[in-house]
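Dear colleague,

Please find the structure below, handed over for your own work.

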Amino acid sequence: MSYSHNHYKLFKPYGYISQLSSNDPRQLRKKRFLNELYDFDQGIMPVGRLDEKSEGLLLLTTDGKLSDQINRSGVEKQYYALLDGQITDQAITDLITGVPIGLKGEKYQTLPCDVQRIAIPNLPQREKKIRDQRHGSTSWISITIKEGKFRQVRKMTAAVGYPTLRLLRVRIGEIHLDNMQPGEVHALTSTAFAAIELHSK
């Protein structure tokens, strides 16, 4: 008898850890976990992760094998990043070409990626206030990478002199965040979920 797996997409809010829970009582008291947002199925796991201060599209599945395949597949991941300062054309070119970032105590050169300056996107307000224009100008970019190194986008924008103030993932492969609200969960069909891995090939 074949087992039917379940798959979801979630708008991970700011301030949540990309895991369902923790065995550490101290961490449970101090941190917020995904199981506070939805009554997920037994055996559910996030596909990849977003750091605590990042928001946006997070996929979850009960299919561990498919999760591993997607994590290794090099699928496109698109982010919107609010930057401290008005990013220059040269800084965008540097991001596109690749920049050195710190990774496990060593320098790592990021792979070429797609970066574009964008207008202010129509996004939900973040729970924690972001500093306003009175404290200096800001700019938004869209950045699409096929890697997933630890805090990669934040490290990349800092490397060219424009720290990230807000970061949202809006697309993984052909699955989009669309008009979801923070904490909202949508079920995905197995066909749509499996297409993520296929799309990367």
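**Salt bridges**

Glu-76 and Arg-171 form a salt bridge, with their closest N and O atoms 2.9 Å apart; the term requires a side-chain nitrogen of Lys or Arg within 4 Å of a carboxyl oxygen of Asp or Glu. Glu-76 lies in the loop between helix 2 (64–72) and strand 6, and Arg-171 in strand 11, so this pair ties together parts that are 95 residues apart in sequence. Helices (H or I, at least four residues) and strands (E, at least two) are DSSP runs, numbered from the N terminus. Glu-76 is partly exposed at 27% relative accessibility, whereas Arg-171 is buried at 10%. Here buried means under 20% relative accessible area, exposed over 50%, and partly exposed in between (1.4 Å probe, protein chains only).

Please note that this is a predicted model: local features need pLDDT of at least 70, side-chain atom pairs count only at pLDDT 80 or more, and totals for chains, interfaces and linings use all residues. Residues are numbered from 1 along each chain as its sequence is written, and side-chain values use heavy atoms, with hydrogens and water left out.

The count of salt bridges comes to seven. One of them joins Glu-55 and Arg-166 at 2.8 Å, N to O. Glu-55 lies in strand 5 and Arg-166 in strand 11, so the pair ties together parts 111 residues apart in sequence. Both Glu-55 and Arg-166 are buried.

Asp-51 and Arg-154 also meet in a salt bridge, at 3.3 Å, N to O. Asp-51 is in the loop between strand 4 and strand 5 (55–61), Arg-154 is in helix 4, and the two are 103 residues apart. Asp-51 and Arg-154 are both buried. Together with Arg-151, they are linked in a network of salt bridges.

**Helices 4 and 3**

Arg-154 is one of the buried residues of helix 4, the others being Gln-152, Val-153, Met-156 and Thr-157. These buried residues pack against strand 6 (77–84), helix 3, strand 7 (100–103), strand 10 and strand 11 (164–172), where contact means heavy atoms within 4.5 Å. Just after helix 4, Gly-161 has a positive phi of about 95°.

In helix 3 (residues 89–97), the buried residues are Ala-91, Ile-92 and Leu-95. Seen down the axis of helix 3, they fall within an arc of 100°, so they line one face of the helix; the arc is that of the directions from the helix axis to the C-beta atoms. On the other side of helix 3, Asp-89 and Thr-97 are exposed. Strand 9 (114–118), strand 10 (138–145) and helix 4 (152–159) are among what covers the buried residues of helix 3. Gly-98, which follows helix 3, has a positive phi near 125°.

**Aromatic pairs**

There are three aromatic pairs. Rings of Phe, Tyr and Trp (its six-membered ring) pair if their centres lie within 6.5 Å; planes under 30 degrees apart count as stacked, over 60 as edge-to-face and the rest as tilted. The ring centres of Tyr-8 and Phe-40 are 5.7 Å apart and the planes stand at 75°, so this pair is edge-to-face. Tyr-8 is buried at 9% relative accessible area, and Phe-40 is buried at 10%. The rings of Tyr-38 and Phe-40 have centres 4.9 Å apart and planes at 55°, so that pair is tilted. Tyr-8, Tyr-38 and Phe-40 form one aromatic cluster.
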